[in-house]
Amino acid sequence: MSDYPIQKTDAEWQAVLAEKGAEPSAFAVTRHAHTERPFTGKYEAVWADGSYHCICCGNHLFDAGTKFDAGCGWPSFWKAVPGAITEIVDRSHGMVRTETVCSQCGAHLGHVFEDGPTPTGLRYCMNSAALEHLPE
Ligand SMILES: [Zn+2]
């Protein structure tokens, strides 16, 4: 986590998240790659217009128009804002998956899978706790 432009200590991130009123799980999700339980996140069934940003640093990650109902219990998108997300090979839990982190601050966001809808065929499976929705 050393190559990202925005660097803070754990204590500083906890203060940022508390000030933003982030979900209680946000620190564990974004800084320690935890996964929230499916169908528990606040954005799983939100379909409002606007954009989705990194809860830690505000980096614009997704537009609401690319959100779709994947039925998996986590907010899912078929396209990320170009350059907003960095992909990392994740070999934890006996699987090979592609982890997605914020390119600005290294926050863990979720994973990306190649079983999404057209036109990209991608499914960015995100933790609600890592996101902040802003209306247009
Ligand atoms: Zn970020």
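**Close-up 1. Contacts of Thr-120 in the predicted model.** Setting aside neighbours within four places in sequence, Thr-120 touches Trp-78 and Lys-79. Lys-79 is 41 residues away in sequence, yet its C-alpha lies 6.9 Å from that of Thr-120. Thr-120 sits in the loop that links β7 (108–113) to β8 (123–126). Is Thr-120 buried or partly exposed? Thr-120 counts as partly exposed because it has 15 C-beta neighbours inside 10 Å, and a buried residue needs 20 or more.

**Close-up 2. The open sheet β2-β1-β9.** The sheet has 3 strands, and their pairing is antiparallel. β2 (60–63) and β9 (131–134) are the edge strands. Each has a single partner strand, so one side of each lacks a neighbour in the sheet. On average, neighbouring strands of this sheet are turned by 30° against each other, direction ignored. β1 covers residues 51–54 and pairs with β9 over 4 bridges, in the antiparallel sense. Cys-54 faces Leu-131 of β9 across this pairing.

**Close-up 3. The hairpin of β5 and β6.** β5 spans residues 85–90, and β6 spans residues 97–102. These strands are joined by 6 bridges and pair in the antiparallel sense. Glu-87 is opposite Thr-100 in β6. Between the strands lie 6 residues. Which residue of this hairpin takes a positive phi? His-93 does, with a value near 60°.

**Close-up 4. The hairpin of β6 and β7.** β6 also pairs with β7, in the antiparallel sense and over 4 bridges. Thr-100 stands opposite Gly-110 in β7. Thr-100 is also the residue opposite Glu-87. The hairpin leaves 5 residues between β6 and β7. In its turn, Gly-106 has a positive phi of about 75°.

**Close-up 5. The largest nonpolar core.** This core holds 29 residues. Those touching the most other members are Ala-26, Cys-54, Ile-55, Cys-102, Ala-107, Met-126 and Ala-130. Two or more residues each come from α1 (10–20), α2 (26–32), β1, β2, β6, β7 and β8. In soluble globular proteins, nonpolar side chains tend to be buried together. Cys-54, the residue opposite Leu-131, is one of the core members named above.

**Close-up 6. Ala-26 and its contacts.** Which residues does Ala-26 contact, leaving aside neighbours within four places in sequence? They are Leu-17, Ile-55, Ala-129 and Ala-130. Among them, Ile-55 and Ala-130 are listed, like Ala-26, with the core residues that touch the most other members.

Key:
Residues are numbered from 1 along each chain as its sequence is written. This is a predicted model: local features need pLDDT of at least 70, side-chain atom pairs count only at pLDDT 80 or more; totals for chains, interfaces and linings use all residues. A residue is buried if 20 or more other C-beta atoms lie within 10 Å of its own, exposed if 12 or fewer, and partly exposed in between; C-beta atoms are placed from the backbone. Two residues are in contact if their C-beta atoms, placed from the backbone, lie within 7 Å. Two strands pair if DSSP finds at least two bridges between them. Axes are lines fitted to C-alpha atoms, for helices over the stretch in contact, and angles run from 0 to 180 degrees between N-to-C directions. A nonpolar core is a set of buried Ala, Val, Leu, Ile, Met, Phe, Trp, Tyr and Cys residues joined through C-beta atoms within 7 Å.
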